[in-house]
Amino acid sequence: MNAPVSIPRKNTICPHDCPSACALEVEVIDQSTIGRVYGSKEQTYTAGVICAKVARYAERNHHPDRLLYPLKRTGPKGSNQFERITWDEALTEIVERFNAIEAEHGSEAIWPYFYAGTMGLVNRDGINRLRHAKKYSGFYSSICINLAWSGFIAGTGKIMGPDPREMAQSDCVVIWGTNAVATQVNVMTHAVNARKSRGAKIIAIDIYRTATLDHADLALVVKPGSDGALACAVMHILFRDNLADRDYLARSTDYPNEFERHLQSKTPEWAAALTGLTIDEIESFAKLVGENKRTFFRLGYGFSRQRNGAVNMHAASCIAAVTGAWQYEGGGAFHNNGAIYHWRKSLIEGLDVLDPKIRSMDQSQIGRVLTGDKTALGGGVPVKAIFVQNTNPMSVAPEQTLVRKGFEREDLFTVVHEQFMTDTAKMADIVLPATMFTEHDDLYQGGGHQYLGLGPKLIDPPGECRSNHDLICDLAHRLNAQHKGFDMSAREIIDWTLQHSGWGTLEELETKKFIDAQPPFEDAHFTKGFGWKDGKFRFKPDWPNVPFRGGRVSGPIHAMPEFPDHWDVSENATDAFPFRLATSPARNYLNSTFTETTTSKAREGEPTVLIHPDDASRQAIADQSYVTLFNQRGEVRLKAKYFNGLNRGVLIAESIWPNSAYADGRGINTLVGADSPAPFGGAAFHDNSVGLRSS
Ligand SMILES: Nc1nc2c(c(=O)[nH]1)N[C@H]1C(S)=C(S)[C@@H](COP(=O)(O)OP(=O)(O)OC[C@H]3O[C@@H](n4cnc5c(=O)[nH]c(N)nc54)[C@H](O)[C@@H]3O)O[C@H]1N2
Ligand SMILES: Nc1nc2c(c(=O)[nH]1)N[C@H]1C(S)=C(S)[C@@H](COP(=O)(O)OP(=O)(O)OC[C@H]3O[C@@H](n4cnc5c(=O)[nH]c(N)nc54)[C@H](O)[C@@H]3O)O[C@H]1N2
Ligand code: SF4
Ligand SMILES: [Mo]
């Protein structure tokens with residue numbers, strides 16, 4: 001018998017919008033074909049484990065529905081009728097239209113709209129260079145991180161924390177507001193290692209019984225938006241039972257005595273009513289984190305996607321300061337490592353040609369912007385052309401009724417650069433085919449860990465696909481935009497960026513594959529001081545001045561509580577809309593990505609909403625029957641599924657399906673609002689009140 005021929009594996013990084021940024025080994029079968037994808041064992045955070053959807057990436061990479069050629073619309077907007085054209089024809093038309101719009105309405109009538117379909121720094125952020133060089137309208141990127149990061153930075157002063165691999169050294173791991181089994185599987189690897197090797201306890205907190213909660217020793221199902229109350233009661237108990245580290249508090253925090261007094265009324269009874277937990281559950285949680293100094297608080301995004309999300313994130317991070325967990329290996333709070341990479345992005349983003357007078361419009365309010373809302377337009381000219389790259393707003397953005405109305409405008413010229421015919425691409429005048437990460441070069445950083453790494457081109461793209469970088473440079477030349485970055489290859493930009501950021505050369509990174517950027521223990525644990533002049537952790541944040549990049553003051557910021565608290569600004573249930581709906585992510589999709597792959601679709605089935613059987617029977621709703629969810633923003637029809645693992649009055653609609661998958665063609669974000677939460681905007685995806693009827 002012949003020995004099986006082994007397929008060569010090449011190293012790269014997963015490009016998707018996921019905190020794990022896994023180091024991958026991809027089987028390269030030939031110059032245009034990949035095989036299976038594996039997690040790198042050498043990169044110690046990935047540690048050989050990746051999610052199933054990327055392990056079978058060949059299915060997405062070589063999908064028969066990939067866009068291969070430029071297309072031009074031939075039918076009405078959204079009709080999905082297109083004809084093939086050449087790249088030259090497509091770019092000529094785009095340039096003519098952009099120039100004409102600029103001449104008539106000014107450069108701000110053109111809005112580049114982009115996000116994180118690929119997280120590669122060159123291909124994700126290079127579009128900024130074009131917008132700055134051409135003075136096109138700015139983009140206030142708010143949809144994902146604003147609530148979470150500002151809440152974390154409010155206390156620590158910096159978005160970083162203990163080495164996530166230290167979880168393996170912890171005696172207690174708190175997985176808070178993240179469904180890690182689905183959204184960042186490696187958190188589980190390290191947490192479960194701690195359990196195996198040291199008997200560590202795992203606590204998980206969500207608003208429904210997720211697969212992550214199934215792994216926990218203590219699984220807490222709270223009411224949406226009540227995490228601030230939970231954190232306060234836990235800290236009340238820590239002070240009450242002498243489990244607070246008073247030396248650490250005096251040395252390393254701002255107003256410990258005032259804070260302790262503030263917490264006196266935040267009793268377990270008070271929090272039980274707000275969170276829906278029992279007093280026993282709250283007491284057990286406090287005891288575990290109080291008695292185990294090596295407690296690692298792994299704070300996710302999910303619980304920040306509430307109108308009070310920044311306050312709740314800050315409140316959770318405060319617990320580590322009360323117990324003094326920060327001082328110990330395996331202890332402290334971690335959300336994201338954004339601050340450790342010190343990138344110099346002036347070349348990638350063209351920061352040297354940025355004109356601060358140009359208006360900047362909110363990503364989350366795209367529906368309002370495109371339908372002419374004066375406030376959303378910043379009082380400026382209407383948007384006449386939108387150039388979408390790397391994102392799918394017709395599916396993922398809030399206030400879908402407005403988003404659709406905007407994209408349907410006959411006077412809006414829409415260009416979409418995509419890998420698939422997404423809901424957004426269907427609305428385009430011109431669709432351009434994009435490469436996948438295996439087909440272009442880029443540079444990546446971990447959010448949930450501390451590696452940066454190289455993702456080299458491994459295979460040739462199919463058809464006429466072009467990378468974001470190549471498209472931006474070609475467009476820039478034709479639009480006569482000036483910047484040296486438009487004359488450089490992606491590899492040259494990577495080399496320059498690495499060198500100017502203090503990470504060596506591209507050649508060196510090619511040999512190393514990834515760089516462990518973990519700062520020393522003192523910095524990661526803030527033992528020499530938190531990220532403020534006086535070095536003290538802030539229990540009492542100065543919210544308007546929290547140093548969040550690009551943060552612009554939004555929402556009821558001046559009404560934010562002084563100290564952590566239950567801040568009651570959620571979209572609470574009313575008689576008309578008595579349910580609280582969260583739109584939590586699905587395991588087999590990543591936002592709207594992977595909704596095109598057969599295996600992911602088969603595993604997810606169809607759009608559903610989880611409902612407590614008691615709520616369902618009260619409204620005579622049968623399991624697996626169709627229901628309509630509605631609020632002041634619109635209606636969505638999908639299948640109800642009985643589920644015991646949530647509080648009465650709470651509904652969970654997992655995943656963002658394409659609009660066509662819903663029974664009436666309207667996606668879940670029809671029900672989500674785009675009002676700007678405090679302190680710096682964002683989108684409260686899991687904070688919606690809705691009504692429900694069977695139909
Ligand atoms: N499989 C998969 N992976 C993903 C994604 C995906 O869609 N699918 N999305 C990617 C992206 S862009 C991001 S930003 C990350 C986000 O990943 P996470 O940090 O995990 O955040 P979310 O996915 O928004 O929500 C996590 C959990 O928070 C819960 N939650 C909602 N409201 C509350 C609350 O008030 N309190 C508490 N305690 N919990 C609450 C939700 O039910 C959900 O289970 O994941 C990335 N990875
Ligand atoms: N209901 C609900 N809505 C949500 C969320 C939620 O939890 N619930 N989460 C929100 C969050 S956290 C986020 S970050 C947003 C994310 O929303 P999006 O940024 O829209 O993320 P994706 O849906 O993954 O879409 C990325 C698109 O980029 C394309 N793409 C990938 N790589 C490339 C490339 O190299 N070039 C080009 N041109 N295109 C590429 C993909 O094909 C895909 O269609 O969604 C938000 N929307
Ligand atoms: S877990 Fe996240 S980073 Fe890792 S392979 Fe899956 S999508 Fe990519
Ligand atoms: Mo996100």
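Reader: At what angle do helix α3 and helix α20 pack, and how far apart are their axes?

Author: Bear in mind that this is a predicted model. Begin with the axes, then take the angle. Helix α3 (residues 87–105) packs on helix α20 (residues 468–478) at about 55 degrees, and their axes are 10 Å apart. α3 is therefore oblique to α20. The crossing is right-handed.

Reader: Which residues of α3 and α20 meet?

Author: List each side, then sort by class. α3 brings Trp87, Asp88, Leu91, Thr92, Ile94 and Val95. α20 answers with Leu471, Asp474, Leu475 and Arg478. The contact of α3 with α20 has six nonpolar, one polar and three charged residues.

Reader: How do the axes of α6 and α15 cross?

Author: Helix α6 (residues 146–156) and helix α15 (residues 309–323) have axes that come within 7 Å and cross at roughly 40 degrees. Angles under 35 degrees would count as roughly parallel, so α6 is oblique to α15. This crossing is right-handed. Residues from α6 in the contact include Gly151, Ala154 and Gly155, and those from α15 include Gly309, Ala310 and Ser317. By class, the contact of α6 with α15 has six nonpolar, six polar and no charged residues.

Reader: How many residues surround ligand 2, and which are the closest?

Author: Count the shell, then look at atom pairs. Ligand 2 is surrounded by 32 residues, the closest being Glu418, Asn468, Ser592, Thr593 and Asn669. A polar side-chain atom of Thr593 lies 2.4 Å from a ligand 2 oxygen. The side chain of Thr391 places an N or O atom 2.8 Å from an oxygen of ligand 2. For Gln419, a side-chain N or O atom is 3.2 Å from a nitrogen of ligand 2.

Technical notes. Residues are numbered from 1 along each chain as its sequence is written. Chains are lettered from A and ligands numbered from 1 in the order in which they are written. This is a predicted model: local features need pLDDT of at least 70, side-chain atom pairs count only at pLDDT 80 or more; totals for chains, interfaces and linings use all residues. Side-chain values use heavy atoms; hydrogens and water are left out. Axes are lines fitted to C-alpha atoms, for helices over the stretch in contact, and angles run from 0 to 180 degrees between N-to-C directions. Helices (H or I, at least four residues) and strands (E, at least two) are DSSP runs, numbered from the N terminus. Angles under 35 degrees count as roughly parallel, over 145 as roughly antiparallel, 65 to 115 as roughly perpendicular and the rest as oblique. A crossing is left-handed if the near helix is turned anticlockwise from the far one by less than a right angle, and right-handed if clockwise. Contact means heavy atoms within 4.5 Å. Ala, Val, Leu, Ile, Met, Phe, Trp, Tyr, Cys and Pro count as nonpolar, Asp, Glu, Lys and Arg as charged, and the others, Gly among them, as polar. A residue is near a molecule or strand if one of its heavy atoms lies within 4 Å of it. A polar contact is a pair of N or O atoms within 3.5 Å; within protein, one must be able to donate a hydrogen and the other to accept it, and residues adjacent in sequence count only if both atoms are side-chain atoms.
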